[in-house]
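Please examine the sequence and the structure shown below. The explanation after them is written to be read alongside both.

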Amino acid sequence: MEVSKNSFKTLSEPVKQFGGLVGIIILIFLTFFVLNNIFGEGDELVAKMKIEEERIAQERKLNKLISSLPSGVLVSFDGTDNFKLSDELYEAVCKATKLIPQRAIMGANFLNFRAHEIYTINGNKIDETFVKWDDEKNKCFAGFVVSGNNVGVDETVKVSGEALSFLSTGIDTRVYFIKNF
Amino acid sequence: MKKLIFFILFSSLITSLALARSTGCKEGNCDNGYGKWVYTDKTTYEGEWVATKKHGQGTETWPNGYIYKGEFKESQWNGIGILFFPDGSTYEGEWANGFMNGEGTFTWSDGKQKKGIWKNGSFQE
């Protein structure tokens, strides 16, 4: 031990400094290695980041497609003067759509009086809205959930149906017609 | 900074003025008589008015494609009327308090029909 101390003392100053620098770097690496093992998520985090990157890329692709659509009403059925969506576009628009405006909700409520009652009693409040593409049926489904107290009873009503028309604003798309009959 | 605040205020003023000009009673008499009212979401009502309420015969057109033609009472769909759904389906018959109530026929866009008594939008088997 004494010998190694003496040999260290005999080393030149630049060598000592270099050795110290290497030592500090190793210490930093080791510290981060230990911290990463304790708090880091490793491969799991990388996988999550990849999924998120893919989602962002997909969203950008859909946004590009949405901005290329004509502004106005987009429909998936025949017999109107509105822009008719192809099967491929219908799926893309469905996947890119998140909003359901009030008139679409009011329209769906024509066939669901309970939902209408809860909706109006609670000041047009909606708990949840959803727009989903069904791969099995090859159709777009949209809906909403209303809940509240109606004549002393707590109720939750879910209304859903095929989303058959959308409004394209040029920036986003919104469900315009939910066919729940 | 002052310029930016002035620009925002000025833009808001212009927008609200433009919005105010495009909504409200656009034609005729919307108090007592026949007139056309345009709502902020572009829903329109054209028909008879009594004491500033939709009352009598009229047509309400929603921006998402629903069209109701028929009788109104106290601004609600009441009486005999026909509702056109955006996909071409229709309900023709009696209405009360804004809902299908009474005798009526629902016709799907493919021609299939359901005829009978309706209560609050539900068919009574």
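The model is a predicted one. In chain B, 10 strands form an open sheet with antiparallel pairing, in the order E1-E2-E3-E4-E5-E6-E7-E8-E9-E10. At its edges are strand E1 (24–28) and strand E10 (122–123) of chain B, each of which pairs on one side only.

Strand E2 (residues 33–38) and strand E3 (residues 44–50) of chain B run antiparallel and are joined by six bridges. Trp37(B) has Tyr45(B) in E3(B) as its bridge partner.

Further along, strand E7 (residues 90–96) of chain B pairs in the antiparallel sense with strand E8 (residues 99–107) of chain B, over six bridges. Here Ala96(B) lies opposite Phe99(B) in E8(B). The two strands make a hairpin with two residues between them, and Asn97(B) in the turn has a positive phi of about 55°.

E8(B) also pairs with strand E9 (residues 113–119) of chain B, again antiparallel and over six bridges. Gly104(B) faces Gly116(B) in E9(B) across this pairing. The hairpin of E8(B) and E9(B) has five residues between the strands, and Gly111(B) takes a positive phi near 100°.

The last topic is the contact between the chains. Chain A gives 14 residues to the contact and chain B gives 13 residues. On the side of chain A that touches chain B, helix H5 (102–109), strand E5 (153–168) and strand E6 (173–179) of chain A each give two or more residues. The residues on this side of chain A comprise eight nonpolar, four polar and two charged.

Conventions:
Residues numbered from 1 in each chain as written. Chains lettered and ligands numbered in written order. Predicted model: local features only at pLDDT ≥ 70, side-chain atom pairs only at ≥ 80, totals over all residues. Contact = placed C-beta atoms within 7 Å. Helix = DSSP H or I, 4+ residues; strand = E, 2+ residues; numbered from the N terminus. Nonpolar A, V, L, I, M, F, W, Y, C, P; charged D, E, K, R; others polar. Pairing = 2+ DSSP bridges.
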